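Open the model in your viewer and keep the selection tool at hand. This tour tells you what to pick next and what you will find there.

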Amino acid sequence: MTTNEKIQALRQQMSKAKVDYYIVNTADPHQSEYLSEHFKERAWLTGFTGSAGTALVSKDQALVWADGRYFIQAAHQIEGSEFKLMKMATPGYPSLNEWLRQEVKAGEVVGLNEVSYSQRNFEFLAQLLAPQEASVKALPSLIAPIWQDRPSMPEAKIFAHDLKFTGQEAKEKIARVREQMQADHAQANIVVGLDDIAWLYNYRGGDVANNPVALAFALITLDKAYLFIDEKKLSLEMNKIFSEQGITVLPYEQVSSVISQLKIDKIVLDKRLVNTKLYQAIPRETKILDKPSYVMQNKACLNPVELENQKKAYVRDSAAVTRYLFWLKREVEAGEVNEWSAAEKLHEFRSQGEHFLDESFTSISAYGPNAAMMHYAPTAEKFSKMEAKSFYLIDSGGQYYDGTTDITRTIALGSLTEEEKTDFTLTLKSHINLARAIFLAGSTGTQLDILAREPLWRHFMDYKCGTGHGVGYVLGVHEGPQRFSTAPSSVALKEGMHITIEPGVYKEGKHGIRLENDYVVAYAGENPPDRFLKLEVMSYVPLDNEAILPELLSDEEIEWLNDYHRAVLEKLMPYMTTDAEKSDLEAACRPLSK
């Protein structure tokens, strides 16, 4: 089916369901950021494959909302179809909510998928439409009947995450959740985040590409811990481990039935994550406490074993990326290399390291103007060849038994223009400005975000995304609740939180530049009663001195850069395998001066 044929088929389903508008969001029953192929309804309908976005179809319109990371990509992928691109946070383009307020009339019905829409968003939409005397209706997917070749539900086996990596047994983590429940006078807690459940029960899976999670729900009561999962994913060994940890395994599809039979006074859940269908299964007489997931909060700060493992994983990963960048520069000078083959080579370097599992996301391997698309990714069929000029951007990461990594480097492949060097240096200034920060305990990522943007704002430039995000532990490369962003957040940064810093400059048709390191929030000092924190670096990959204009850097910034390169040299030299790599590392880490 063409995209327009899919739109017409959906309209027929809408007519049968008696809805005037149908929203297709980007989600699964767990509100995951990254989806298994089975749940990619919005991508299937629109042809736009970005990791975020929302589509809406009415009897005479078809719209797709995308954020600034995807403006270029979305426009290309929906071209020639009825879909119209709505640019989020851009003048002249109403948001989805603004559009609904303007367009939906009294008596009309907005439909949505009951398992992919969260209860929080369902309630918000109902309140939004109430003044217009319109309504919202949660119903079984209208995409399902028309998606004839839909991929099946994933069935990957899960495996135990050993105590030497987790630092805590599952029963200890469950006991902590029960303590938190009792403090809230609750007798049950629904856990729906796939990363939360995998961390809580100390297993990892393979249901979502690059994310070692499994489709599952969890329910914790004061005396029971349930795991709802397809039993085909469990080995005899996993069943034994769960039994020893006090975990009862039930089929995935039984979660609503079990919850509907609970005889309790109060249940704790996060309406941002619990889907509408699951929420409706809760007995009406049960009080509901809506608050952020206990497990998400608990795992946000790495325990000592996790932190030590994560640091080791970063050194090995940094060595792989550094060796790759040295290889790439030589290959570009010597002959043919393209974005796709280069990314494949990086996978090879990573896979040679200890404890390697997988990449943590599809590598953004982008040469020249392609890097202006923040989430560009080449394919085996579509890629650009690299030349000995301009920039190459590689944003990539690895999954290891002892940690998850995410790093971006932009490097010069040859001669650069003055504009390219200026933009690179300003991006570096932005990174350093936040990386050097000492901040008061209790500060949020929203409060600190301006430190990264200010050097670019002085030159009337900005990037249309957050500055940094939390990273899971052998889980999702994007995890909360911590982040650096202009979006309001009340989440304070705490010791042990893993977070990225990744400012950038993106100029359509020219180049894209991003410089990303990962940090852990650490103790800096105190002046009672005030306590201060800092960001301790975990990534050790050289920053390309060939792209820097030293005169644009302050003495403090040059000192930070030289200190960083001394640490890179010390950490990575034992991992260089040839004399050429050792020589390249020494050259890349040579002190910079004005």
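## Stop 1: helix H3

Select Gly 80 first. This glycine comes just after H3 and takes a positive phi of about 90°. Keep in mind that the model is a predicted one.

Now step back into the helix. H3 covers residues 71–78. Which of its residues are buried? Colour Phe 71, Ile 72, Gln 73, Ala 74 and Ile 78: these are buried. Next, show what lies over them. The cover includes helix H2 (41–46), strand S3 (62–66) and strand S4 (84–87).

## Stop 2: the whole chain

Zoom out and switch to cartoon view. The protein chain holds 18 helices and 28 strands. Its C-alpha trace spans about 70 × 55 × 50 Å along the principal axes.

How does the radius of gyration fit a compact globule? For 594 residues, such a globule would have a value near 25 Å. The protein chain has 25 Å, so the two agree.

The accessible surface comes to about 24,700 Å², and carbon and sulfur atoms account for 50% of that. Of the 594 residues, 58% count as buried.

Now think about contacts. Take those between residues at least 6 apart in sequence: 69% of these join residues at least 24 apart.

Colour by charge next. There are 65 positive and 82 negative side chains in the protein chain. The centres of the two sets lie 4 Å apart.

## Stop 3

Select Cys 301. It is partly exposed, with a relative accessible area of 22%. Then select Cys 465. This cysteine is also partly exposed, and its value is 22% too.

A disulfide is a covalent bond between the sulfur atoms of two cysteines. How many disulfides does a search of the whole structure find? The count is 0.

## Stop 4: Thr 166

Go to helix H6, residues 163–166, and pick Thr 166. Is Thr 166 buried or exposed? Its relative accessible area is 1%. Buried means under 20%, so Thr 166 is buried.

Show the residues around it. Leaving aside residues up to four places away in sequence, Thr 166 touches His 161, Lys 173, Asn 202, Asn 303, Val 305 and Glu 306.

Now draw a distance line from Thr 166 to Thr 410. The two are 244 residues apart in sequence. In space they are 33 Å apart, C-alpha to C-alpha.

## Stop 5

Most residues other than glycine have a negative phi, and most peptide bonds are trans. Here are some exceptions to look at.

Select Glu 133. It sits in the loop between helix H5 (119–129) and strand S6 (135–139). Glu 133 is not a glycine, yet its phi is positive, about 55°. At 61% relative accessibility, Glu 133 is exposed.

Move on to Ser 390. You will find it in the loop between strand S16 (364–367) and strand S17 (391–396). Ser 390 is not a glycine either, and its phi is positive at about 65°. With 12% relative accessibility, Ser 390 counts as buried.

Two peptide bonds come next. Select Gly 480 and Pro 481: a cis peptide bond joins them, with omega about 10°. Pro 481 belongs to strand S23 (residues 479–484).

Then select Pro 528 and Pro 529. They too are joined by a cis peptide bond, and omega is about 10°. Where does Pro 529 lie? Look in the loop between strand S27 (517–527) and strand S28 (530–537).

## Stop 6

Select Gly 414, in the loop between strand S20 (407–412) and helix H15 (418–435). Gly 414 is partly exposed, at 27% relative accessibility. Not counting residues up to four places away in sequence, Gly 414 touches Ala 388, Lys 389 and Ser 390.

Finish at Ser 363. This serine is in the loop between strand S15 (356–359) and S16. At 6% relative accessibility, Ser 363 counts as buried. Which residues does Ser 363 touch, not counting those up to four places away in sequence? Show Ala 343, Tyr 376, Ala 377, Pro 378, Ile 394, Asp 395 and Ser 396.

Note on methods: Residues are numbered from 1 along each chain as its sequence is written. This is a predicted model: local features need pLDDT of at least 70, side-chain atom pairs count only at pLDDT 80 or more; totals for chains, interfaces and linings use all residues. Side-chain values use heavy atoms; hydrogens and water are left out. Helices (H or I, at least four residues) and strands (E, at least two) are DSSP runs, numbered from the N terminus. The radius of gyration is taken over C-alpha atoms; the globule rule is 2.2 Å times the number of residues to the power 0.38. Buried means under 20% relative accessible area, exposed over 50%, partly exposed in between (1.4 Å probe, protein chains only). Contact means heavy atoms within 4.5 Å. Accessible areas come from the Shrake-Rupley method with a 1.4 Å probe; for residues, only the protein chains shown count as cover. Lys and Arg count as positive and Asp and Glu as negative; His and the chain ends are not counted. The place of a charge is taken as NZ of Lys, CZ of Arg, CG of Asp or CD of Glu. A disulfide is a pair of cysteine sulfur atoms within 2.5 Å.
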